[in-house]
Each structure stands twice: as structure tokens, then as C-alpha cells.
Amino acid sequence: MPEPHDALDALLDLLDLERIERDIFRGQSRSALVPRVFGGQVAAQALVAAGRTVPEDRLAHSLHAYFLRPGDPGAPIVYTVDRIRDGRSFTTRRVVAVQHGQPIFHLSASFQAYEEGLDHQGPMPAAPDPESLPTAAEMLPRHLPREVADRLVEARAAVDLRYADTPPWGSVGEPRAPRSQVWFRTNGKLADDHLLHVCLATYVSDMTLLDSVLLAHGRGGWAVGDVVGASLDHAMWFHRPFRADEWLLYDQESPSASGGRGLGQARIWTRDGKLAISVIQEGVVRIPR
């Protein structure tokens, strides 16, 4: 199993796309827990591609994405960027990710030059201190077979992700309130690059957002195989500055599940109580036949 700093270096290499034309980039893939590319990887790489065509003084403030087809972890992904708009304050980019001649992912992202304006937010929810919570390596073997736990720990080794309560696979058959909290930060320091921190938060945002859907129905999820599913679409709004290498609270809930789909919505807070990001995702959540 890789050391945390080695895993973070490998993730940063994964996000460092090769530029093969002015607006065309190529990214590598790696295996995930399921036999397809992890959705957070594709979203983060697409945002990297978009960001590399935008002036440095324009900061990402939102993204909207659709997962179209499962990605092949054994093949590179080509990202083509369309320069939709370059305005005085806002810049808009559209990115299509292609494998084997077919689009697998589509992203629209908007960037804005910094400006002062109205500012308000709601209160940060209560949560336990992150240092008081067990690490993934400590917690996962309590609830999962060793082989599954080891694979999950390895897949997330670049990130220190700690559940504030029992995860779905720890309470199978016990429906409870559709809400989940995790603290996360990268396992190592990052450069002072706004786009890098935003892309890493995007990467992590796809790891646990649908957990709250599972909790409402007492399902353990992908780790134990009592549901099958995949991300359908994903939206994020970046409100205030944050660092992905400092603790962030991911407060998640599910307001609805129906028609074989589940909706997760969340807010990401800095440790000192600033609302940094809002996230919404819908995914396929089906009971295996």
C-alpha cells in the first residue's frame, strides 16, 4: 500500500495533464474500486483543462457536469476545451472528455475576476473535531472485510477522510436520517495555486456525496454490493477561498430518491466556519436483481 505522500504525488501527477494542442489535453487514468474511471478524477481533470485556458486572475466559481459513459481505466482520456466566452468579468469554458472516439463526460465551468460585493452565509453545522475521529485505515476494517477495506484505503490514500458517524456499510439494514458528515484534507501540503485546490476539492466531492441516499434505506452501498449505481450529474459553486490541504467539513444530505435515482446535496465548510463550496449530485441508485 503506498505511503500517503506517495499517493498524493501520484494524484497530482494524474491531474497534471499533457497539452497536445492549444485547447486539447490528454490525461491518464487509473483503476478505481469499480471497473470504470472514478468520476471525481474525470471531473477534476476536466476542470484542470478548462483552467489552463483561462487567465490566472480568473478564479473558478462554478461547474456543471454530466457523466455520459463509464470511463475505461486502461486508456487515456482526451479533453477538448471550447472557449465559449471571454467577458470583462466572467470567462466560460466547455470541456468534452473522449475515450475510444466517444464522449464520456461533459463539463461547463465559469471563472470570474475577483471583486468585492455583498457577503452573507448561514451558520456552520455542529461537527466533532476531525482529530478526534478515526482515520480510514483505523475505521474501515471495523465494518468491512479486510480485502475490501484495504482496497478502499488504497484508493483514497491521497486524502485523509474521516467519517463523523458510522458510514453506510457500518449500519446495513438500519435506516436512519439521510445525512452524513466527513472531514477531509489532502495527505500533504499543496502549492499556493487556487486552481489546484479547487480541482482537488472537486476530486474528493464525488467520493461520499450519495452516502446519505444509502443511509435513508439502510443500504451499505458499493463497498458491500447491496446497490449498484453511478454518478449522473454534478454541480459545484465555489464561494470563498479555501485550502484542500487544510481540514474541510463535508456536510451532506439527501432530500429525495425515486425512479432509480438519488439526490445528494452538500456544503463544504472551512474549519473556522466559512462556507467554501456548495455541491449537488444525482446518481443512479438501484437494488441489484
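Predicted model: local features only at pLDDT ≥ 70, side-chain atom pairs only at ≥ 80, totals over all residues.

Student: How many residues of helix 2 are buried?

Tutor: The count is 13 of 13, and helix 2 is accordingly described as mostly covered.

Student: At what angle do helix 2 and helix 5 pack?

Tutor: One reads the angle between the axes together with their separation. Helix 5 comprises residues 194-208, and its axis is 7 Å from that of helix 2, at an angle of about 160°. Because angles over 145 degrees count as roughly antiparallel, helix 2 is roughly antiparallel to helix 5. The crossing of this pair is right-handed.

Student: Which residues make the contact between helix 2 and helix 5?

Tutor: Helix 2 contributes Gly 39, Gly 40, Gln 41, Ala 43, Ala 44, Leu 47, Val 48 and Gly 51. Helix 5 contributes Leu 195, Val 198, Cys 199, Thr 202, Tyr 203 and Asp 206. Sorted by class, the contact has 8 nonpolar, 5 polar and 1 charged residues.

Student: How do the axes of helix 3 and helix 4 cross, and how far apart do they come?

Tutor: The axes of helix 3 (residues 136-143) and helix 4 (residues 146-155) come within 8 Å and cross at roughly 150°. The two helices are therefore roughly antiparallel to each other, and their crossing is right-handed. On the side of helix 3 the contact involves Ala 136, Ala 137, Leu 140 and Pro 141, and on the side of helix 4 it involves Arg 146, Ala 149, Leu 152 and Val 153. By class, these residues are 7 nonpolar, no polar and 1 charged.

Student: Is His 100 buried or exposed?

Tutor: The relative accessible area decides the matter, with exposed meaning over 50%. His 100 has 61%, so it is exposed.

Student: Where are Glu 56 and Asp 272 placed?

Tutor: Glu 56 is in the loop between helix 2 and strand 3 (58-67), and at 79% relative accessibility it counts as exposed. Asp 272 is in the loop between strand 11 (261-270) and strand 12 (275-286), and at 57% it is likewise exposed. Glu 56 and Val 284 are 228 residues apart in sequence, and their C-alpha atoms are 36 Å apart. Asp 272 and His 5 are 267 residues apart along the chain, with 25 Å between their C-alpha atoms.

Student: Which residues does Leu 275 touch, leaving aside those up to four places away in sequence?

Tutor: Leu 275 touches Gln 121, His 239, Arg 240, Arg 267, Ile 268 and Trp 269. Leu 275 is in strand 12, and its relative accessible area of 9% makes it buried.

Note on methods
Residues numbered from 1 in each chain as written. Heavy atoms only, no water. Buried < 20%, exposed > 50% of the residue type's maximum accessible area, 1.4 Å probe, protein only. Helix = DSSP H or I, 4+ residues; strand = E, 2+ residues; numbered from the N terminus. Axes fitted to C-alpha atoms, helices over the stretch in contact; angles between N-to-C directions. Parallel < 35°, antiparallel > 145°, perpendicular 65-115°, else oblique. Left-handed = near helix turned anticlockwise from the far one by under 90°. Contact = heavy atoms within 4.5 Å. Nonpolar A, V, L, I, M, F, W, Y, C, P; charged D, E, K, R; others polar.
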